[in-house]
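Hi,

Here is the structure I promised to pass on. Could you open it next to this email and follow along?

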Amino acid sequence: MSISQERIREICKSFVSGMDAGQIAAVEGLNAGTVELLLADHAKECCEIQAYLDEMGWTLAEEPAPVLLVRSSAALAHGIDVSKHQGTINWDAVAADPSVQFAILRAGYGRYESQVDAQWARNYAECKRLGIPVGAYWYSYAVNPADAATEGRLFAKVLAGKQFEYPVYFDQEDGSIPAAQRTACALAFFDVMGAEWYKGYYSYTAWMPSVDLNTIRQHCDTVWLADYRANPDQTIQRDMHQYTSSGTVAGIGGRVDCNRSYVDFPALIKRAGKNGFEKEETNMDFVAVKNLMLEVTSAEKPACQCFKTPDVNDSNYRNLALGQYRITGVGPTVTLGGMQGTWYRIDLSGEEWYCLALPDRCKVVEVAEEPQPEQDLTEVLEAVAALDKMLDDMDGKLDRVLEKLELVQQALEDPAAQQVLDKLTAAGAALAE
């Protein structure tokens with residue numbers, strides 16, 4: 001697996017902010033061993049980031065909530081969400097602002113095509129021109145599931161033919177929506193959009209008790225929460241946090257909503273093949289081998305890990321104990337964190353697992369071919385003896401037949417025998433007359 005330089009830099013930022021490898025692994029969807037390896041290989045970059053922050057008087061350690069609950073350790077990315085209310089945005093200036101790594105664009109609101117956001121087309125085109133990763137949202141006024149379904153179909157129509165590196169959100173916050181209808185409206189909106197979109201639910205903290213968030217999560221992929229307090233809610237798990245509506249960003253006049261994202265959405269969405277992207281293929285070919293063993297030389301820090309699939313992001317993994325494991329297949333060689341390693345398929349208690357063999361934790365050794373058990377030749381020898389006897393018997397019988405043929409030949413050559421044959425011939429002819 002290859003990890004982009006942009007993603008590595010975000011991992012370094014998280015480390016500088018005070019997160020440890022375990023916390024970064026939880027946010028990034030990696031395992032702690034991989035994160036430790038990356039950080040060791042990019043220690044210089046971490047120091048450069050820290051020096052720059054010190055020089056600017058900035059800090060990344062702004063999040064008070066536990067990472068595993070609300071993913072609110074240092075964010076992987078910072079971004080904005082905008083609509084026509086921000087006017088005509090100078091996107092070149094926005095792109096040059098280091099505090100903006102993504103933008104969530106309002107596509108529209110309500111049930112009618114006339115309600116597509118007046119700046120939607122331009123905002124999308126500008127972000128694509130400048131390489132700013134984008135997502136989208138639709139502001140809902142639907143007071144019943146039928147209206148919500150109409151909104152969802154319109155949103156999907158507006159999104160069609162475009163690509164989004166961030167989720168596409170259902171924005172439900174309007175006070176006119178009856179509390180008893182809110183959950184059903186969200187489900188209707190998501191269900192008509194189909195499975196090709198990476199869908200998210202947006203609202204604010206005080207709204208959440210009025211909906212069945214667990215049920216909503218079963219119909220979408222992620223939650224975006226607005227909470228502007230200095231000490232935001234600690235109980236609602238979200239992957240993006242809108243922390244202010246009063247931000248300032250170069251290229252935008254007036255206030256703008258600012259957000260922190262705690263998930264690598266571009267990687268997740270592209271890997272899933274959603275939001276207009278082709279699904280990334282992860283198939284690997286493994287060549288069957290014999291007489292090779294994977295010898296684990298380090299069981300912790302760094303740990304040698306095996307995965308149920310040949311992917312270091314696979315959450316189904318195990319740490320291997322010191323020892324040797326039989327290799328059944330050899331896969332591709334890849335580079336991870338500046339270190340080259342080869343994928344191997346191994347036999348682990350009768351099951352197939354995969355290990356990326358990195359030189360600081362394991363090695364491959366060749367073992368002698370197992371000796372084949374000796375074959376019992378008793379039956380074979382008995383069969384050969386029986387065949388020899390049969391051939392001997394046949395030879396004896398053939399000799400006797402040849403002897404008799406020779407006697408017949410001698411008898412035929414005797415003149416007296418010839419006279420007898422002539423008389424028999426004449427007698428036969430007389431009888432025939």
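Below is what I found in it, part by part.

First, some ground rules: this is a predicted model, so local features need a pLDDT of at least 70 and side-chain atom pairs count only at pLDDT 80 or more, while totals for chains, interfaces and linings use all residues. Residues are numbered from 1 along each chain as its sequence is written, and side-chain values use heavy atoms, with hydrogens and water left out.

On confidence: the average pLDDT (the predictor's confidence in each residue, from 0 to 100) is 84, and 86% of the residues score at least 70. Residues 61-73 fall below 50, yet that stretch has 43 contacts in the model beyond near neighbours in sequence. Contact here means heavy atoms within 4.5 Å.

Now the barrel. Helices (H or I, at least four residues) and strands (E, at least two) are DSSP runs, numbered from the N terminus; two strands pair if DSSP finds at least two bridges between them. In this model 8 strands close into a barrel, in the order S1-S2-S3-S4-S5-S6-S7-S8, with mixed pairing. From one strand to the next the twist averages 30°. S2 (residues 102-109) and S3 (residues 134-139) run parallel and are joined by 6 bridges; Arg106, for one, has Tyr137 in S3 as its bridge partner. Helix H8 packs on the sheet, where it touches S2, S3 and S4 (168-171), and its direction makes about 150° with that of S3.

H8 (residues 145-159) also meets H9 (residues 179-193): their axes come within 7 Å and cross at roughly 35°. Axes are lines fitted to C-alpha atoms, for helices over the stretch in contact, and angles run from 0 to 180 degrees between N-to-C directions. Among the residues making this contact are Ala148, Phe155 and Leu159 of H8 and Ala184, Phe189 and Val192 of H9.

Ala195 sits in the loop between H9 and strand S5 (199-204). Is Ala195 buried or exposed? Ala195 counts as exposed, because its relative accessibility is 58% and the cut-off for exposed is over 50% (buried is under 20%, partly exposed in between, with a 1.4 Å probe and protein chains only). Its C-alpha atom is 8.0 Å from that of Lys274, 79 residues apart along the chain.

Thr328 belongs to strand S13 (residues 323-336) and is buried, at 16% relative accessible area. Leaving aside neighbours within four places in sequence, Thr328 contacts Val287, Ala288, Val289, Arg345, Ile346 and Asp347.

Cheers
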